[in-house]
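User: Could we go through the side-chain packing in this one? I would like to begin with the aromatic residues.
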Amino acid sequence: MFVGIKFKNIFFIILGAAIFSFGLVHFNIQNELAEGGFTGITLILLFAFKWDPAIMNLILNIPMFIIGWKLLGKKVFVYTVIGTVAVSVFLKVFMIYQIDIHLKDDMFLVALFAGVFIGIGLGIIFRYGGTTGGVDIIARLAHKYIGWSMGKTMFLFDALVILVSWAVYLDHRSMMYTLVALFVGARVIDFVQEGAYAARGAFIISESQDEIATKITEEMERGVTVFRGYGHFTKSDREILYCVVGRNEIVRLKNIITSVDPHAFVSLTDVHDVMGEGFTLDEQKRPLER
């Protein structure tokens, strides 16, 4: 049952649940903003019937526990239970011991902080293999089987819950600020989950590919991979260089390329969560401290 379960993951899932719950109580609930997913449903029940969101979070997620067990495996199921229970526990704690932050007069700031706290909390939970139940499981399944980012899936699902919240307790102004919070949260989730350290990948096509590759290797100490390609327009075979560099090395890379071939074709792409020598490992394959 507990094979493969890591205490490090459990710690960060609980930490993420604490951050998520703090933001929900102190920015969403205190200022009557809505939230998406099953959490949003618990807020609807709170403002409509005064039902405890900590208790309702557990009740609503029981069916999701079953789905998590059947489709995501035992390890994710354990992480999901831990994440969901931790959210309910922290919700109860923060509801009892609230801090009055006094931001009612600046709802834009409320929306930003709500999105940041909830996004960081959920992003940490996702990054360490957990969910908080509900739509988090649906988003994880969509990411696994369809390839959608979790933030995108959650944003679409959340929109439906917001419409119901609007009908029950939100006014027009609060609804718009809620949408701001959801958008910020979705972006933060993707940022945290994909990795704070990002790099750039470069595809380089040039007649001087050997000289460019040599200079990149010697001057930047970055590896270069050569792909065999075929130019449809020129009807000729050609070599395509590919290398990954840090964001702060982009200008240096461009200068090297243009110094050899000012007419080289270069395509840059975002690369997230880079692993391997030069990024997470040193030359002896030992982990780098960051």
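**Aromatic pairs and helix contacts**

Analyst: F11 is exposed, as its relative accessible area is 52%. Please note that the model is predicted.

User: And F12, what is its relative accessible area?

Analyst: F12 has a relative accessible area of 22%, so this residue counts as partly exposed.

User: How many aromatic pairs does a search of the whole structure find?

Analyst: The search finds 13 aromatic pairs. One of them joins F11 and F12: the ring centres are 5.2 Å apart and the planes stand at 80°, which makes the pair edge-to-face because the angle is over 60 degrees.

User: What about F22 and F117, how are those rings arranged?

Analyst: F22 and F117 form a tilted pair, with 5.5 Å centre to centre and 35° between the planes. F22 belongs to helix α1 (residues 7-29) and F117 to helix α4 (residues 107-127), so the pair ties together parts that are 95 residues apart in sequence. F117 is partly exposed, at 24% relative accessibility.

User: Which cluster do ring pairs form?

Analyst: Ring pairs link F22, F27, F90, F94, F113 and F117 into a cluster.

User: Changing topic: S88, buried or exposed?

Analyst: S88 is buried, because its relative accessibility of 5% is under 20%. This serine, S88, sits in helix α3 (residues 53-96). Beyond its neighbours within four places in sequence, S88 contacts A54, N57 and L58.

User: Lastly, at what angle do α8 and α9 pack?

Analyst: Helices α8 (residues 209-220) and α9 (residues 250-260) pack at about 145°, with axes 10 Å apart. Their crossing is right-handed. The contact residues of α8 with α9 comprise seven nonpolar, one polar and four charged.

Methods:
Residues numbered from 1 in each chain as written. Predicted model: local features only at pLDDT ≥ 70, side-chain atom pairs only at ≥ 80, totals over all residues. Heavy atoms only, no water. Axes fitted to C-alpha atoms, helices over the stretch in contact; angles between N-to-C directions. Helix = DSSP H or I, 4+ residues; strand = E, 2+ residues; numbered from the N terminus. Left-handed = near helix turned anticlockwise from the far one by under 90°. Nonpolar A, V, L, I, M, F, W, Y, C, P; charged D, E, K, R; others polar. Buried < 20%, exposed > 50% of the residue type's maximum accessible area, 1.4 Å probe, protein only. Contact = heavy atoms within 4.5 Å. Phe/Tyr/Trp six-rings, centres within 6.5 Å; stacked < 30°, edge-to-face > 60°.
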